[in-house]
Amino acid sequence: MPFVRRYKDLSTDLDGLYADIVRELQQEKDLEIVKETNGVINDVGIRSVTAIRATVPRAVTGTLREVTVTVAGEPDDWLLELHTGAWFGNMVLPGAGGFLVAGPFGSAAAAGTTTLLAVTYGRKLKNRIKELVKKHSGKKYTEEKIETFIS
Amino acid sequence: MPYVKRYKDLNTDLDAVYDDIKYELQTGKELNVVKEQDGTVNGVPFRSIFAVRESVPKVLTGTLREATVTITGVADDWLLEVHTGAWFNNLITPATGGLIVAGPLGGLAASGTAAVYAVKFERDLKNRIKEVVRKHSKKPYSEDKVETF
């Protein structure tokens with residue numbers, strides 16, 4: 001599930017922020033950047049990067065499949081969208097001992113303990129982006145300058 | 001939001017289903033197939049295809065950004081997952097007169113009527129896949145052989 005944040009009154013260097021986010025994705029060995037979009041839509045700047053898993057995973061369910069990060073707007077009013085997709089994420093149900101996996105692939109989930117899970121990676125990237133926004137903002141970062149949209 | 005379907009007792013030719021789905025993605029004018037994965041996961045055959053939007057869209061909010069289709073399993077018990085991603089979909093909120101877009105990109109949603117919206121693309125692809133599954137299954141297709149997650 002993607003989340004969107006709106007940042008206001010931060011005077012953020014969006015080019016610098018975007019470049020650092022791309023670097024983060026490049027450093028993740030399980031990911032491969034397949035697309036970057038950079039342009040203007042109705043006078044609003046947009047930059048978007050998509051990275052996907054480079055190889056067939058050892059475990060399927062919940063494993064990170066793709067990541068897309070989009071930055072759109074201007075230094076004092078801009079949006080960030082972070083999407084992380086997982087294979088068969090909606091077959092994972094919380095259970096007493098951890099997770100139960102519906103369907104024929106239960107063992108595939110249990111077998112991969114070292115796999116890069118979308119939920120873990122999404123949390124890690126979210127925290128890293130917060131640091132990067134602070135780094136590239138000319139004004140003081142405070143929580144009231146940020147609005148989060150989750151559907 | 002991705003959807004997953006489990007198909008049982010259809011004796012489906014999964015290679016042929018995959019090839020037809022790939023053809024659908026390749027012929028969609030807005031998409032470009034960028035990656036295919038083919039292998040096994042714990043002995044279970046696994047194929048996945050990724051397509052992303054080719055160009056900067058004219059409209060942002062709700063526009064199709066990427067599509068992923070995965071098939072895994074064997075002819076009589078297999079899973080299909082379809083994921084379509086859209087930009088800033090969760091900024092769109094329903095209102096009396098249509099849709100309201102929050103944030104600084106409100107104007108962008110209203111201006112483009114020719115955009116390929118993820119929701120429409122997914123619906124069309126879902127219907128097309130249903131036809132493809134019927135075409136490549138040797139046993140009769142019925143809804144009770146299909147479970148949706």
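So, H1 and H3 in chain B: these two helices pack at an angle of about 150°, with their axes 10 Å apart. The axes here are lines fitted to C-alpha atoms, for helices over the stretch in contact, and angles run from 0 to 180 degrees between N-to-C directions. That makes H1(B) roughly antiparallel to H3(B); the labels are roughly parallel under 35 degrees, roughly antiparallel over 145, roughly perpendicular from 65 to 115, and oblique for the rest. The crossing of H1(B) and H3(B) is right-handed, and on handedness, left-handed is when the near helix is turned anticlockwise from the far one by less than a right angle, right-handed when clockwise. On the H1(B) side the contact uses B:Val17, B:Asp20, B:Ile21 and B:Glu24, and on the H3(B) side B:Leu125, B:Arg128, B:Ile129, B:Val132 and B:Val133. Contact means that the two C-beta atoms, placed from the backbone, lie within 7 Å.

Quick housekeeping. This is a predicted model, where local features need pLDDT of at least 70 and side-chain atom pairs count only at pLDDT 80 or more, while totals for chains, interfaces and linings use all residues. Residues are numbered from 1 along each chain as its sequence is written, and chains are lettered from A, ligands numbered from 1, in the order in which they are written. Helices (H or I, at least four residues) and strands (E, at least two) are DSSP runs, numbered from the N terminus.

Okay, staying on H1 of chain B. Helix H1(B) covers residues 14-27, so to speak 14 residues, and reaches 20 Å from its first C-alpha to its last, close to the 20 Å expected at 1.5 Å a residue. The expected span is 1.5 Å times one less than the number of residues. Which residues of H1(B) are buried? They are B:Val17, B:Tyr18 and B:Ile21. The cut-offs: buried is 20 or more other C-beta atoms within 10 Å of the residue's own, exposed is 12 or fewer, partly exposed is in between, with C-beta atoms placed from the backbone. Looking down the axis of H1(B), the buried residues fall within an arc of 95°, so they line one face of the helix; the arc is taken over the directions from the helix axis to the C-beta atoms. The face turned away from that buried side carries B:Tyr23, B:Gln26 and B:Thr27, which are exposed. And what covers the buried residues of H1(B)? The cover includes strand S3 (44-53), strand S4 (64-74) and helix H3 (118-135) of chain B.

Now over to chain A. The axes of H1(A), residues 14-27, and H3(A), residues 118-135, come within 10 Å and cross at roughly 150°. That makes H1(A) roughly antiparallel to H3(A), and the crossing is right-handed. From H1(A), A:Leu17, A:Asp20, A:Ile21 and A:Glu24 meet A:Leu125, A:Arg128, A:Ile129, A:Leu132 and A:Val133 of H3(A).

Zooming out to the whole chains. Chain A has three helices and eight strands, in the order β-α-β-β-β-β-β-β-α-α-β along the sequence. Chain B has three helices and eight strands, and from the N terminus on its elements run β-α-β-β-β-β-β-β-α-α-β. Buried residues make up 39% of the 151 residues in chain A; for chain B, 38% of 149 residues count as buried.

B:Val34 lies in strand S2 (residues 31-41) of chain B, and with 17 C-beta neighbours inside 10 Å it counts as partly exposed. Leaving aside neighbours within four places in sequence, B:Val34 is in contact with A:Val34, A:Lys35, B:Phe50, B:Ala51 and B:Val52. Its C-alpha is 8.0 Å from that of B:Ile49, 15 residues apart along the chain.

A:Ala72 is buried, with 25 other C-beta atoms within 10 Å, and its C-alpha is 4.2 Å from that of A:Ile46, 26 residues apart along the chain.

Last bit, backbone torsions. Most residues other than glycine have a negative phi. A:Asp9, though, has a positive phi near 55°; A:Asp9 sits in the loop between strand S1 (3-8) and H1 of chain A and is partly exposed, with 14 other C-beta atoms within 10 Å. B:Asn42 also has a positive phi, about 50°, and lies in the loop between S2 and S3 of chain B.
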